[in-house]
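This briefing is meant to be read beside the sequence and the 3D view.

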Amino acid sequence: MSTVDYSQELSVVEGRPSLRELDDLISKPLESKPDKKFFIAISFTGLMLLTGITALGASFIYGTGLWGNNNPVGWGFPIVNFVFWVGIGHAGTLISAILFLFRQKWRTGIARFAEGMTIFAVITAAMFPLIHTGRPWLPLYLAPYPNQHSIWPNFISPLLWDVFAVSTYFIVSLIFWYVGLIPDLAVLRDKAGTKVKKTIYSIFSLGWRFSNRHWQHYEMMYLILAGFATPLVLSVHTIVSYDFAVSIMPGWHATIFPPYFVAGAVFSGFAMVQNVLIFIRKIFNYEHIITLKVLENMNKIILLTGSLVGYAYAMEFFIAWYSGVQAEQFTFINRAFGPYAWAYWIMISCNVISPQLFWFKKIRTSIPIMFVLGVLVNVGMWFERFVITVTSLSRDYLPSSWAYYTPTITDFGILIGSFGLFFTLLLIFTKTLPVISIAEVKAVVDGAQPTHKDH
Amino acid sequence: MSEKVLYALTGLFETPDQIIDAAEKTSDGGYKKYDVNTPYPLHGMNQAMKLPPSKLGYAALVFGLSGTVSALALMYWMAVIDYAHVIGGKPYFPLPAFVPVMFEVTVLSAAIATVFTMLFVVFKFPNNSHPLHDTGYMKSVSRDKYGICILAEDEKFDENGTLKFLEELGATNITHQYFTEDSYATWWSVLDKKFAGILAVTAIATSLVVYIGLNKVLYMQPFSWMMEQEKLNPQKGSVLFADGFSMRNPVQGTIARGDLPYEYAVDPEGASKLVNPLPITEANLQLGKVKYDIYCSPCHGFLGEGDSRLRGQFPNPPSLHSEKVRDWTDGRIYHVIAMGQNVMPSYSSQLSRNEKWATILYVRALQRSLNAKESDLQ
């Protein structure tokens, strides 16, 4: 029988790599020319992006009539996609801020990458409300600036809160990401072979000198930012849920929406991060930094948040019955058995049933199975937003105005384009910046910290 | 090339335990101006160097709270004072609805302020002309070595003593780091050709992008700003009507409401016969005053004396108190307003019939104020 020494913390980086090896390994993708696989991948995502650009261009020229949006379903794919992509972003901040506050060391290997995914997901998401307005060249009117109409925005509208929440989220994530990159850029600066590279890295590392007098403030700043980013990430999807919950539409007007949306966002975000990391660790040989243990931990969080989401679905039904409001009761029965029952049951089977398989350690640690489950979770979470948005709107209080919503080929083109944009940015990221935080990983390697034996 | 000046002595260590030990001994040894360079933050180093706790939290607190307060103040001013509108039956000042924006602005300002304070105030970044940059020392500590750096400007520093001190600590690769006076950036480095060139190119590129963006791209399809519409505009051709015009004549024998043609256009004396249809009431005089102040006072002055700011410029605006104008009938004045006179244009498009007559009532009142009739004394 093997004994485990519980007095020793298990190492998060396997195999005691030397610090120099870590540098070289993490900066290898930046120093080598992109290979054939990279070009195949980026031409594929580029093609998806091009599909989206074509669909968007057509929408700009011929108008939003190309979309399936109708009356009463004024919020079709654009809003579904917006909520989906903002949700994807949440995993990054959760990993970099909340897990940091909880001192979860296993986050160090995946934090940088997840933060990058946050930024790209928010960029992708931000596109949708703008095109959904139908006049995407007038977004400035959302900002409270002194204008020639001498009017101000409506501060009691959740849509305006959304503007503030998403833009704050983007800026804070970007700052968080960038200050995390500064020491790594300084490493690259000192390693750089060519003059052009060195100049670029010098500019962006701002002259970082690895001084402990700097590290001291740097760590404090990181703690403060993590402290601010934690309530921020919770607030963002809360406010996104207000877009629904503050209206009086049956199926939307519920107090459970904020926590339910946040759990769902973390759920889908972790599934996406897990999916992408499976490829990254394989392709770049990071298996000892992004260990199987890390993936297992992520699957545990997927299981937890998936169960929360399942609980929320059940509670929505309960409250609809318990409230005694006829319109609410009708909406939920209509969701499960109405014209959109197919979407509802896709959502239930992907979001509620599939993550429950993660109770088994064998499944939690099997890479092919967890990949498939991660994909299913994201399919399910996309359908969740579809179900919430479309079923409520298509059958509201007034039966005479009910209508079935059918997305068009343009809608699908834009959806594919959003995936193309996200993955293209991600691919460019892997070749231009270190996808693992060099300084943070070095600090958690065995033997990297002083033993303080003489104390 | 100016003279080399000793900046510091640097030494390298292999393990974290060694550097912690070295840092403790250095600070115990009375050195103040020294630094430790490590590839990542080491636990316990701040205590070893006896550094006071970072005060960045205060920046976060101050800027975060000012973000909260300014967001609230801004929303209060906009939604309650400057543009008060009842929306959805809610009060002008619904505090709970202001909370989300207050929260976001708090986080935003605190996060930006903390990072900017750290980078630009505490670290004085960007600074790429530090003596340690590009040295072998920096290249080692950025990767896997732990370095200590004792500055020459420290009071206890003396070249041989400190060298010996570092040797005793067990440092390897002890190096003298020099800098030249001219390696420090000075204000005239902004005149550097390369820098000024990049600045000029950036300025021109930015201006071009902004100019083309705002003046050309925004007027292309699809950014047509609702200017391109299918409706018919005056002067625009139309295939709908036989004569090819989009403008239509009124139906034969009809006139638009309130649009009675002025029949004395070429007959000023004939217009004298017109009688003011409006009774002298306070409302009419008030209307006349409003219209007079808007349309007449820019030239004739608020009191009708021709005392506007145009006085002294050619031609002087005439006074309305002259004998000539006082003796004119209301109809004759009406003619001047309707048709204009000399450089005065017609005001028909600005003033309706009733407004013209009301203005005349007010002009009469102004005239009486300077040249009262005997009967006014009673």
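In this predicted model, strand β1 of chain B (residues 4-13) and strand β3 of chain B pair in the antiparallel sense, with 6 bridges between them. Strand β3(B) is also joined by 4 bridges to strand β2 of chain B (residues 34-37), and these two strands likewise run antiparallel.

**The strands of chain B**
- Within β3(B), B:Ile148 has B:Val36 standing opposite.
- Strand β3 of chain B covers residues 146-151, and because 5 of its 6 residues are buried, the strand is largely enclosed by the rest of the structure.

**The domains of chain B**
- Chain B is divided into domain 1, which takes in residues 1-185, and domain 2, which takes in residues 268-377.
- The C-alpha centres of these two domains of chain B are 75 Å apart.

**The overall form of chain A**
- Chain A has 15 helices and 0 strands in its secondary structure.
- The radius of gyration of chain A is 23 Å, close to the 23 Å that the globule rule gives for 455 residues, so chain A is as compact as a globular protein of that length.
- The C-alpha trace of chain A spans about 80 × 65 × 45 Å when taken along its principal axes.
- Of the 455 residues in chain A, 47% are buried.
- When contacts in chain A between residues at least 6 apart in sequence are considered, 82% of them join residues at least 24 apart.

**Helix α4 of chain A**
- Helix α4(A), residues 108-132, has 25 residues and reaches 37 Å from its first C-alpha to its last, which is close to the 36 Å expected at 1.5 Å a residue.
- This helix of chain A is mostly covered, with 20 of its 25 residues buried.
- Just after α4(A) comes A:Gly134, which takes a positive phi of about 85°.

**The contact between the chains**
- On the two sides of the contact, 63 residues of chain B meet 53 residues of chain A.
- The elements of chain B that give two or more residues to the side touching chain A are α1 (16-28), β2, α2 (45-48), α3 (56-82), α4 (95-122) and α5 (136-141).
- Helix α4(B) gives the most to that side, with 16 residues.
- The residues on the side of chain B that touches chain A divide into 41 nonpolar, 14 polar and 8 charged.

Technical notes: Residues are numbered from 1 along each chain as its sequence is written. Chains are lettered from A and ligands numbered from 1 in the order in which they are written. This is a predicted model: local features need pLDDT of at least 70, side-chain atom pairs count only at pLDDT 80 or more; totals for chains, interfaces and linings use all residues. The radius of gyration is taken over C-alpha atoms; the globule rule is 2.2 Å times the number of residues to the power 0.38. A residue is buried if 20 or more other C-beta atoms lie within 10 Å of its own, exposed if 12 or fewer, and partly exposed in between; C-beta atoms are placed from the backbone. Two residues are in contact if their C-beta atoms, placed from the backbone, lie within 7 Å. Two strands pair if DSSP finds at least two bridges between them. The expected span of a helix is 1.5 Å times one less than its number of residues. Domain bounds come from an automatic or database domain assignment. Ala, Val, Leu, Ile, Met, Phe, Trp, Tyr, Cys and Pro count as nonpolar, Asp, Glu, Lys and Arg as charged, and the others, Gly among them, as polar.
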